Amino acid sequence: MIWNVYHLALKEFLHLVRDRRTLAFLIFIPSVLTVIFGYAIGNPRVTGVRTRVLDLDGGRIAYEYITAIEDTLTFRADVREHATEADVAQAEEDLLHDRINAIVVLPAGLSRALDDGRSATVRLVVDGSDTFMAPTVLGELAKTTVQQNIFVVANMLEREGKARTIEEGMTKAAPIRLDTEYRFNPDLKSQNFVMPGVIGLILQLLAVIVMATSIARERERGTMEQLAVTPLTAAEIFIGKLVPYFVLALLDTVNAMLVARFLFGVSVAGHYPVVVTLLVIFILSSLGIGQLISTVSRNQGQAVLLAVFYTLPAFVLSVAFTPIETQPQNVRPASLLFPLTYFCHGFRAAILRQASFADLRTDLLALTAFVLITFGASILLLRMRPDVR
Amino acid sequence: MNAPVAPGPNPRPPIVVTERLSRRFGELEAVVDLSLQVERGQIFGFLGPNGAGKTTTIKMLCGLLPPTRGHAAVAGHDIEREREQIKRQTGYMAQTFSLYPDLTVEENFRFFGGAYGVSGQAATRRMETLFRQVELDELRRVQAGRLSGGMKQRLALACALVHEPQLVFLDEPTAGVDPANRQRLWDFLYALCEGGTSLFITTHYLDEAERCHAVGFMLEGRLIAHGEPRVMREQLRDRLVGVEVRRAVDAVRALRTVPGVEDVNIHGNELRVRFDRRVECHTVEGQLREAAARASAPLDRVYPLDPTLEDLFLSYERQRSVRA
């Protein structure tokens with residue numbers, strides 16, 4: 001048994017070594033991807049939204065409101081003082097032609113109305129075709145508006161003698177305070193969230209696609225038939241083929257983690273046995289899925305297509321780069337179908353929160369189930385029809 | 001006090017026995033009721049056109065494909081229940097080159113050795129013996145993909161023989177191999193056979209079938225004849241006449257209308273005329289000349305011919321298509 005696996009694993013190693021170019025790709029591409037993804041995928045933050053601010057009021061409160069808008073990173077404000085209705089029409093035109101993303105209109109008489117204790121309406125028009133940007137713009141301006149409201153009220157309280165200073169007026173206007181803190185990632189460094197996703201995604205991509213072609217290639221070349229007439233069992237063939245790619249995936253993991261450590265400062269704060277166990281089971285589950293794809297494919301083309309059809313939804317539906325909370329409620333259960341989901345969740349917890357085996361019970365059990373199911377199904381299929389052509 | 005059991009009438013049972021072995025793929029009946037015996041220590045030629053069911057039969061006998069009906073035993077083991085034993089006692093050389101082109105000659109050999117449980121010193125000894133016999137000694141470090149067709153064939157054969165099997169299946173071993181290399185391969189196969197290995201060879205080259213100890217003809221999934229080539233050829237004795245003529249194409253059309261003529265085929269300067277019954281050359285010569293003369297294609301010479309397996313095979317195919 002062990003010798004048979006050894007002979008197969010040795011053969012697969014030789015295949016890997018003979019194909020120098022592919023081997024180089026397999027070793028270096030994951031590190032390169034880690035670098036690219038590490039820089040490209042930050043916290044999804046909207047900044048520099050092209051905003052036309054039209055001041056039809058010209059008063060003090062309008063001036064302060066505009067200053068507050070200019071102070072945020074969200075907006076890149078193009079302020080038009082002494083604006084007219086013609087400017088509003090022009091802004092609408094510019095919005096239509098995507099020269100700006102948003103319009104803020106401060107109506108005439110705004111400052112006077114507020115000074116008189118009446119209400120006034122600021123109008124915001126946002127390009128809704130970008131569903132990611134629009135709500136952020138709205139939220140950011142709402143925050144600014146709340147802040148300005150507090151100022152207006154505080155000023156009024158002070159003027160009317162109900163507060164001795166503006167500060168006291170502000171306390172009276174907004175008595176509830178908020179004390180916030182980001183735990184485990186105090187600086188909210190995006191790489192701490194992104195890197196586990198990147199590592200998981202790369203390992204999955206590599207393991208699934210490379211493994212998917214292995215048995216399919218033997219079928220395509222007709223060598224599967226030659227293997228099938230030897231006394232080698234399906235399980236021996238399965239494991240023998242898995243070993244070299246497992247080692248390769250481990251090597252890539254170390255590479256990617258070194259990049260994460262030295263380029264992005266993402267270090268493992270957790271317990272190594274937990275981290276390693278999680279990585280090993282995740283790699284095995286990805287290889288298992290690759291093998292399963294391989295056993296149902298007649299040739300390498302089919303295998304690669306199937307592998308891509310698997311890894312693309314995994315990219316979107318798992319929680320590699322976006323929290324599950326960003327997905328629509330009815331789609332969320334789909335994320336449970338991808339080992340990547342459990343790995344990213346577990347890996348983040350393991351390296352940032354020092355999670356223990358007990359903490360990650362669910363993730364580890366789910367990944368183990370993937371391993372058992374894919375391994376079992378592959379071996380069974382391989383035994384039933386070794387040389388489907 | 002039991003006396004030793006006297007050896008039966010046949011101390012060496014056949015290496016392959018099949019009994020109404022059948023395989024269908026959906027609607028297609030690839031092999032139908034194949035009942036066959038292959039004697040130990042012989043070269044058995046399994047003949048038939050492409051799609052006749054030869055490869056399907058081999059795959060069933062190797063344990064690669066379960067039969068849909070019937071039974072078979074290879075080296076005394078049931079092909080369905082004792083696949084493990086069969087795999088250890090048989091070798092298989094596939095129709096297409098199916099070794100690893102990126103591995104060297106030696107690496108390929110050692111891998112398949114390992115797969116059959118022959119490794120280390122034993123593998124080295126076996127490799128030295130086999131590589132000397134098939135003349136691959138100097139090519140050990142060459143990648144298999146760089147070998148010529150004949151060399152690949154010899155390497156595949158060496159790999160199929162690594163575990164000293166009792167029986168080797170060779171599926172179209174000489175397809176696409178040049179005559180000199182084909183001759184070398186046959187020399188090696190005879191040597192192998194004399195060493196006690198049984199060989200089961202499929203081919204559609206009928207001249208090669210003449211080299212086998214016994215042959216079986218497959219047509220549309222059915223075994224239509226089997227036996228020793230010499231005996232089988234005799235079935236056509238006195239049914240073949242050779243004709244020399246200049247306007248061959250016209251002559252063929254004319255001669256096919258003569259009563260009793262089963263078929264006429266052009267072989268270079270010669271026409272081979274086959275009758276559906278035994279005839280004397282001089283009694284039919286008149287009819288043939290008369291028919292040819294009417295078509296303005298006068299015959300130069302008419303003479304008796306020795307039958308070949310090809311004639312026999314064409315005759316079987318003809319009878320079959322006429323019946324259909």
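1. In this predicted model, 41 Å separate the centres of domain 1 and domain 2 of chain B, taken over C-alpha atoms. Domain 1 of chain B spans 16-228 and domain 2 of chain B spans 238-306, with bounds that come from an automatic or database domain assignment.

2. As the model is predicted, local features need pLDDT of at least 70 and side-chain atom pairs count only at pLDDT 80 or more, while totals for chains, interfaces and linings use all residues. Residues are numbered from 1 along each chain as its sequence is written, and chains are lettered from A in the order in which they are written.

3. Chain A brings 19 residues and chain B 20 residues to their contact, where two residues are in contact if their C-beta atoms, placed from the backbone, lie within 7 Å. On the side of chain A that touches chain B, α1 (2-18) and α9 (223-228) each supply at least two residues, and the largest share, 7 residues, comes from α1(A); helices here are DSSP runs (H or I, at least four residues), numbered from the N terminus.

4. Within chain A, the axes of α3 (residues 60-71) and α6 (residues 133-159) come within 10 Å and cross at roughly 145°, the axes being lines fitted to C-alpha atoms over the stretch in contact, with angles that run from 0 to 180 degrees between N-to-C directions.

5. Which residues of α3(A) meet α6(A)? I61(A), E64(A), Y65(A), A68(A) and I69(A) do so, and their partners in α6(A) are T144(A), Q147(A), Q148(A), F151(A) and V152(A).
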